[in-house]
Amino acid sequence: MSDFRSASDAPQPAPHPGDPGDSLRHARAKGEPRFPDGPKADPAGSHFERRIRSFQPRRSRVTTGQADALQRLWPLWGLDIDGQRVIDLGELFGNGRPVVLEIGFGMGEATAQMAAADPETNILAVDVHTPGQGNLLGLAERNGLSNIRVGNGDAIILLREMLAPDSLAGLRVYFPDPWPKKRHHKRRLIQPEFLTLAATRLAPGAVLHCATDWEPYAEQMLEVLTAHPDFENTVSGGGFAPRPAHRPLTRFEGQGLDKGHVVNDLLFRRVQHGDRHQEQPPTG
């Protein structure tokens, strides 16, 4: 996505003359896929409605190692979000372990750490930042992390079109783009409509975990989550939560803390109201 500043702000190596990846990029013919066996540039195409999006794809250089990981590992561990089918998460991961969806993972270091620390939980990590996708695939291979799958595309389409009701054991949204200008607030991901959709895919009791270093956005998140009937705060008395041990302190977060930023975590549990079961999620 680089909906997440952790993706776009991560330092990227400058191109070097004679770099094989750089040469391959310039040699690619017009219209030829950037990575023939890797993630598609626009997996959902024009199949779905135009709408205001919470992410803005940003282009940055893919290193030789990232390109190699995309070419070799995408057919094994990658998922293009095309919205054309409901996926079987057990088949995707090759086991029946609980699945947590992570929307926006930057360069993937924190995702890899969480996967290593909790091998009994599968992580479906979604982003549109190609260097980050390649980096996370490489980290998964080097560290033997078979519980990671990397999704490419719009997480809203994934939730709405490709995941079954109650199929997720958790949802993580760490450091989303705060869209600080008032006229852009409508682009923020954490909105009532998104929460209603997410609730249909989260199993009762599953936790939505958000974190941000932008205090006005944190306050908005707290307000909309507290008001939403499908979620309840895990913090007794309400308010923000301490950073849980399972969320690593990322390099991006550390840089923010060094600058005096305040990081707020929000952990809200999906509640069930009687026997209500929403088979048809909203289409907004």
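Reader: Before we go on, what should I know about the model and its numbering?
Author: This is a predicted model, where local features need pLDDT of at least 70 and side-chain atom pairs count only at pLDDT 80 or more, while totals for chains, interfaces and linings use all residues. Residues are numbered from 1 along each chain as its sequence is written, and side-chain values use heavy atoms, with hydrogens and water left out.

Reader: What pLDDT does the protein average?
Author: The average is 84, and 79% of the residues score at least 70. pLDDT is the predictor's confidence in each residue, from 0 to 100.

Reader: And where does pLDDT stay under 50?
Author: Residues 1-26 are one such stretch, with 61 contacts beyond four places in sequence. Residues 275-280 are another, with nine contacts of that kind. Contact means heavy atoms within 4.5 Å. Where pLDDT is low, the predicted coordinates should not be read in detail.

Reader: Thanks! Back to α6: how many of its residues are buried?
Author: 11 of its 13 residues are buried, so α6 is largely enclosed by the rest of the structure. Buried means under 20% relative accessible area, exposed over 50%, and partly exposed in between (1.4 Å probe, protein chains only). Among the buried ones are Thr130, Pro131, Leu136 and Ala140.

Reader: What do they pack against?
Author: The buried residues of α6 pack against helices α3 (64-77) and α5 (109-117), and against strands β3 (122-127) and β4 (148-152).

Reader: Let's switch to strands. What covers β2?
Author: Both faces of β2 are covered: Val99, Leu101 and Ile103 on one side, Val100 and Glu102 on the other, are all buried. Five of the five residues of β2 (residues 99-103) are buried, so this strand is largely enclosed by the rest of the structure.

Reader: How many bridges pair β2 with β3?
Author: Five, and the two strands run in the parallel sense. Two strands pair if DSSP finds at least two bridges between them. Valine 100 stands opposite isoleucine 123 in β3. The chain passes from β2 through α5 to β3 in a right-handed β-α-β crossover. Right-handed here means that, with the strands pointing away from the viewer, the path from the first strand over the helix to the second runs clockwise.

Reader: And how many bridges join β2 to β5?
Author: Three, and β2 and β5 run parallel. Leucine 101 has leucine 171 as its bridge partner in β5.

Reader: Which residues have the most contacts inside the largest nonpolar core?
Author: They are Leu101, Ile103, Leu124, Leu158, Leu171, Ile190 and Phe194, in a core of 40 residues. The largest share, six residues, comes from α7. A second, separate core of 26 residues includes Ala125, Ile148, Phe175 and Phe252. A nonpolar core is a set of buried Ala, Val, Leu, Ile, Met, Phe, Trp, Tyr and Cys residues joined through side-chain atoms within 4.5 Å.

Reader: Is phenylalanine 175 buried or exposed?
Author: Phenylalanine 175 is buried, with a relative accessible area of 3%. This residue has a positive phi of about 55 degrees although it is not a glycine, and lies in the loop between β5 and α8 (192-201).

Notes:
Helix = DSSP H or I, 4+ residues; strand = E, 2+ residues; numbered from the N terminus.
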